[in-house]
Structures are given as structure tokens and as C-alpha cells.
Amino acid sequence: MSQSSFPNSISSITDWGIPMMPPAIREKLDAFIRAKGLRQTAQRDAIVELIFESDEHFTPEQLFDRFRKKGSTASRATVYRTLALLTEADLLHEIDLGDGQTTYDPNFLDRPSHNHLVCMDCGKVIEFEDPHLDILNNCLTKRLGFRPLKHSLRTEASCEQLRAKGHCPNLIQARLEGKRLPNRKK
């Protein structure tokens, strides 16, 4: 699971302890689907629920694997079409974490200007916000004759634990879970 400097507001919990999609996301998605003249489908709803039940970043293949593990028979094409629909609806954002893969971030609805620090050793992603960066972005864009609409910053870093102690529990956990690791350029 990605580490975040803000609490997980993506999912709320039902009375039975099952994560559910926040109503604001459901309402925005339903309105978007109606406006496009699409019909509601059980497979799409299941994919959307799976995406927004956590705040983790994911690739399409990781999402497809998670969906399969839950026993779904939806096709890979359905997963990709749903990702495209959610991106078009501005509920999901494609981000570049520097590893050459398309990664999706479900955390932009509440925090459209958050940033990412990516450990190039263990792949850990930490989301952060900083009002100083917002001010800097506003000043820079205005000075250059533009009006800022949104920004995203990715900082690549090396794991301090790995350098100082020779091992990193995040790297070990990532390998145990079979998570992708950054393509580190030597």
C-alpha cells in the first residue's frame, strides 16, 4: 500500500466492514455515464469499487490481477475501457512514476495538487502536499505569463535506510509481494 501524508479519505466503510466508494465519486461517475449515454454495468461497477476501495497507485495489469483474484471473469479490455472512462471523467489520473509504466492514482479528487516522492531503490511511493510548492508554482507561472491550472511533482530519491543500514524493509516487502520495482539507471 502506498504511504500517504494524509489520511485515506478514498474509502469509507460499510456497517459490515467492507470498503465502499465515497458517494461523491459515485455521483460524479453516474452523471458522467448518463451524459455519455452509456449504461450502468455490473462489471464496470465492480472495477470502480475495487479501484476506490484503497488509495494505492496501480498499473492496469496490477488492477486486472487484483480483479481476477476476487473471482471476476471480466476481460482485460473491460478493465482498460473502465480506466479510460474514469480518466476521462477526471476521477482517476495517469501519473508517471519514472518506471516507464502507466500508473493510475485515485487520490486526485480531494487533492488535485498533491505530489509524489518515489524511492528508486524499493519503489515506495509517498504522496505529499506543500503549500510552499503551490506558491512557487503560482509565482513561476504568472512570471512567465501563464495561469496555473494544476501541477504534479515527482521527486525521485534513494532509500536512506538502504544506504545507512544496508537493507530496507520496504524493498524486502515489495519483493515478497511481487510488486514492481523501479528500473534503476546505474
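This is a predicted model: local features need pLDDT of at least 70, side-chain atom pairs count only at pLDDT 80 or more; totals for chains, interfaces and linings use all residues.
Residues are numbered from 1 along each chain as its sequence is written. Local features need pLDDT of at least 70 and side-chain atom pairs count only at pLDDT 80 or more, while totals for chains, interfaces and linings use all residues; side-chain values use heavy atoms, with hydrogens and water left out.

**Exercise 1.** Describe the packing of helix 2 against helix 3.

*Solution.* Step 1: helices (H or I, at least four residues) and strands (E, at least two) are DSSP runs, numbered from the N terminus. Helix 2 spans residues 42-52 and helix 3 spans residues 60-69.

Step 1: two packed helices are described by the angle between their axes and the distance between the axes. Axes are lines fitted to C-alpha atoms, for helices over the stretch in contact, and angles run from 0 to 180 degrees between N-to-C directions. Here the axes come within 11 Å and cross at roughly 110 degrees.

Step 2: angles of 65 to 115 degrees count as roughly perpendicular (under 35 roughly parallel, over 145 roughly antiparallel, the rest oblique). Helix 2 and helix 3 are therefore roughly perpendicular to each other.

Step 3: with contact meaning heavy atoms within 4.5 Å, helix 2 contributes Gln-43, Ala-46, Ile-47, Leu-50 and Ile-51, and helix 3 contributes Leu-63, Arg-66 and Phe-67.

**Exercise 2.** Characterise the largest nonpolar core and the surroundings of Ile-51.

*Solution.* Step 1: a nonpolar core is a set of buried Ala, Val, Leu, Ile, Met, Phe, Trp, Tyr and Cys residues joined through side-chain atoms within 4.5 Å. Buried means under 20% relative accessible area, exposed over 50%, and partly exposed in between (1.4 Å probe, protein chains only).

Step 1: the largest such core has 23 residues, and those with the most contacts inside it are Ile-51, Phe-52, Leu-63, Leu-83 and Leu-86.

Step 2: two or more residues each come from helix 1 (23-36), helix 2, helix 3 and helix 4 (76-88). Helix 2 gives the largest share, five residues.

Step 3: leaving aside residues up to four places away in sequence, Ile-51 touches Phe-58, Leu-63, Arg-66, Leu-83, Leu-86, Leu-92 and Pro-106.

Step 4: a second, separate core of six residues includes Ile-95, Phe-108, Val-118 and Val-125.
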